[in-house]
Amino acid sequence: MSVSNRSGARPGAQPRHPRRAYRRIVPRPSWTVLAMVLVLLGGLLFVEAYANAAFVPDHKATSGGQNRVPAEVLAGGPILNVGADGRTQSHRLPPRTLALTFDDGPDPRWTPEVLRVLDRHQVKGTFFVLGTQVVRHPELASKMVAAGHELGVHTFTHANLADLPAWQRQLEYEQTQMAIASATGIRTSLLRFPYSSEADAYTDVDWPLLRQAGELGYLTVVNDVDSRDWAKPSIETMIANATPSGYAGAVALWHDAGGDRSGTIAALDRYIPLMKARGYRFTTLTEGLNLTLADAGVVVAGHTPAVSGEQWRGDVLALAVRGADAMFSVFGVLFVIVGVLTLGRTALLFVLALRHARRRRRHDWSWGPPVTEPVSVVVPAYNEKEGIAAAVRSLAGGDHPGGIEVIVVDDGSTDGTADIAEALRLPNVRVVRKPNGGKPSALNTGVALARFNLIVMVDGDTIFEPDSVRRLVQPFADPRVGAVAGNVKVGNRGSLIAKWQHIEYVIGFNLDRRLYETLRCMPTVPGAIGAFRRQALNQVGGMTDETLAEDTDITMALGRAGWHVVYEETARAWTEAPTTVGQLWKQRYRWSYGTIQAMWKHRRSVLDQGTSGRFSRRCLAFLAVYGVLLPLSAPVIDLLAVYGLVFLDRTETVLAWLAMLGLQFVTAITAFRLDREKLGVLWALPLQQFAYRQLMYLVLLQSVITALTGGRLGWQKLRRTGLAPPAPSRP
């Protein structure tokens with residue numbers, strides 16, 4: 001039979017355009033976009049790791065000789081000026097003079113508390129700040145300077161400088177200066193090494209650091225007395241530790257960050273009045289030093305204006321760190337969201353899918369009286385020469401007692417598909433030739449020519465088992481059922497990429513359909529094996545080409561119209577899965593993009609009253625959350641796993657990843673048991689997480705981008721090899 005001027009659309013519809021005008025090519029996988037995204041995310045994660053001191057060695061207590069350290073340094077004061085020629089000047093504060101110095105800030109919780117104590121007692125302090133903390137809390141650094149307090153460099157990342165090369169040490173100082181310049185507009189000449197103590201503790205390992213600091217123009221500062229508040233002793237102990245011997249001047253070490261500093265706050269509140277009562281005056285470090293140098297007529301500058309370019313470079317540095325922090329915070333939120341959604345979905349699957357399976361396996365359960373009405377099977381085909389013969393034979397030879405007619409609608413094939421189907425000369429097979437108009441047009445043509453009221457739609461590469469048609473139409477015993485989704489199986493499971501798809505079909509499609517049926521929100525009757533009641537199709541207007549996912553579009557329309565859409569897992573069809581990345585990309589891109597189109601088309605129905613609104617709110621919510629939001633957010637798990645392996649605790653990261661994989665294994669085993677599939681293929685599940693899942697992320701991302709930019713695609717034909725899927729006997 002030949003149809004030359006019929007599109008298969010509803011009466012009055014315009015004929016479809018020729019294929020060349022209708023079809024758009026699916027874009028290739030945008031590896032450039034992916035690479036740019038990965039470089040951007042990788043760069044931000046690198047900045048975050050650097051700002052969190054992931055690239056610097058941890059401090060280790062070491063002992064060393066003091067042969068190279070000049071005696072005047074070891075026996076000198078806490079303020080050291082090393083000249084370029086190695087000559088040193090060591091200074092102490094005058095008697096009854098105290099300089100309060102604070103390390104490791106600014107901290108948003110404790111630095112303001114320290115400032116309040118100092119302000120209450122009218123004392124100025126010297127804060128040796130970390131560059132990372134300054135860029136994260138610039139308002140605190142600015143507040144300190146505005147209040148007359150002094151800033152000093154404590155490196156950018158609190159690195160153990162002795163284990164760093166000279167260039168990296170200099171970078172630590174320069175980046176901290178840039179951070180200070182960005183926040184306050186000034187620079188400082190004071191430097192305190194992390195993990196330093198008193199002058200007599202300098203070793204030969206420290207001497208190169210002191211020489212370099214002097215060459216760079218820094219005054220290196222240690223301390224005379226250490227409150228040891230970092231060890232969190234009692235308040236009395238901290239006060240005793242910070243009290244100089246006799247009435248000697250001293251540089252006192254405290255902390256305004258690095259943990260709970262409530263003890264520090266309480267100790268300071270008592271320490272300052274106590275020392276004032278003993279006749280001590282409090283100064284900043286440079287003020288105290290200038291008192292020492294007054295007789296020599298030397299004045300040491302405190303803060304000086306930032307040098308040219310330092311401030312804007314600091315702005316860029318601060319923007320990078322804060323941007324990395326913000327992204328990491330977003331990742332943290334997304335990680336929680338993904339975890340909650342994954343656990344929620346798993347719980348729903350176990351509760352509802354298992355309930356669905358138990359109900360179906362009850363000995364007294366049935367759809368109703370056996371359905372023996374004749375069935376029309378519509379096979380839309382475009383260039384399916386490799387598999388059309390096997391597909392048609394499997395359909396025509398079905399054991400449905402009411403009889404089966406097969407209508408092959410050749411949609412303008414150029415490879416002889418129609419000739420192959422006609423050459424089979426099967427009595428219950430009709431071949432219809434029509435100009436190319438797309439898959440919806442081919443399906444509508446077949447439905448219009450079908451003689452029976454129960455209509456099965458099948459892709460041209462799909463092979464049915466002998467009892468599949470009979471089992472597929474049994475749900476129509478319930479007059480409320482308008483459509484039935486069958487069980488799609490991957491036939492060519494030889495390659496690794498096909499094994500991954502087999503796992504995905506069993507877990508991601510067939511298990512989900514049990515859940516969707518239970519919740520009455522089935523979004524898709526698969527094109528490979530689906531059955532429809534003609535009355536239901538007519539009510540919603542048949543297939544349309546308004547989306548690329550005509551199967552999802554029609555299923556949503558049926559659900560909105562009040563028809564039940566159910567899943568019949570015993571009706572199995574075997575399909576040939578793509579075996580190359582390119583073919584897989586083309587298929588999944590069309591599915592993903594088409595689903596987004598269908599969601600957009602039916603978006604306003606969530607506001608409908610009655611059946612349409614109830615169905616749409618459930619269906620679109622599930623698709624939006626589990627079909628779009630969760631897959632788009634799931635790469636966070638992989639990125640944080642990589643970040644954790646490189647920069648965080650590897651054991652904890654591996655255990656967390658294994659826990660997530662274990663949850664997937666439990667879900668997979670459940671799905672495979674319900675589908676009565678062998679578990680041996682699940683060895684490929686861990687590998688799926690490292691390659692296949694990343695490709696699916698990219699597919700969805702590019703589909704969303706295409707949808708946002710208003711792109712349109714036509715019916716895409718995948719290259720088939722003609723592999724005949726096995727038709728295994730039922731267990």
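Which residues in helix 17 meet which residues in helix 23? H502, I503, V506, I507, L511 and R514 in helix 17 meet T667, A668, A671, F672 and L674 in helix 23. Contact here means heavy atoms within 4.5 Å.

A word on the ground rules. This is a predicted model: local features need pLDDT of at least 70, side-chain atom pairs count only at pLDDT 80 or more, and totals for chains, interfaces and linings use all residues. Residues are numbered from 1 along each chain as its sequence is written, and side-chain values use heavy atoms, with hydrogens and water left out. Helices (H or I, at least four residues) and strands (E, at least two) are DSSP runs, numbered from the N terminus.

Back to the helix pair. Helix 17 covers residues 496-519. Its axis and that of helix 23 come within 9 Å and cross at roughly 75 degrees. Axes are lines fitted to C-alpha atoms, for helices over the stretch in contact, and angles run from 0 to 180 degrees between N-to-C directions. Helix 17 and helix 23 are therefore roughly perpendicular to each other. The cut-offs: under 35 degrees is roughly parallel, over 145 roughly antiparallel, 65 to 115 roughly perpendicular, and the rest oblique.

Helix 23 has another partner. Helix 22 (residues 635-647) packs with helix 23 (residues 650-674) at an angle of about 150 degrees, their axes 7 Å apart. These two are therefore roughly antiparallel. From helix 22, the contact uses I637, A641, G644, L645 and V646. From helix 23, it uses R650, T653, V654, W657 and M660. By type, that contact has seven nonpolar residues, two polar and one charged. For the classes, Ala, Val, Leu, Ile, Met, Phe, Trp, Tyr, Cys and Pro count as nonpolar, Asp, Glu, Lys and Arg as charged, and the others, Gly among them, as polar.

Next, helix 13, residues 388-396. The buried ones are I388, A389, A391, V392, S394, L395 and A396. They pack against strand 13 (375-381), strand 14 (404-411), helix 14 (417-423), strand 15 (429-434) and strand 17 (463-464).

Now the charges. The whole structure holds 33 salt bridges. Each is a side-chain nitrogen of Lys or Arg within 4 Å of a carboxyl oxygen of Asp or Glu.

Take D325 and R136. Their side chains form a salt bridge, 2.5 Å from N to O. D325 lies in helix 12 (residues 310-360) and R136 in helix 5 (residues 131-136), so the pair ties together parts 189 residues apart in sequence. D325 is buried at 17%, and R136 is buried at 19%.

K439 and E550 make another, at 3.6 Å, N to O. K439 lies in helix 15 (residues 439-449) and E550 in helix 19 (residues 550-560), so this bridge joins parts 111 residues apart in sequence. K439 is buried, with 9% relative accessibility. E550 is buried too, with 4%.

One more pair: D478 and R480, with the closest N and O atoms 3.0 Å apart. D478 is buried at 13%. Finally, a network. Salt bridges with shared partners join R360, K489, R493, R514, E517, E569, D675 and E677.

Terms used: Buried means under 20% relative accessible area, exposed over 50%, partly exposed in between (1.4 Å probe, protein chains only).
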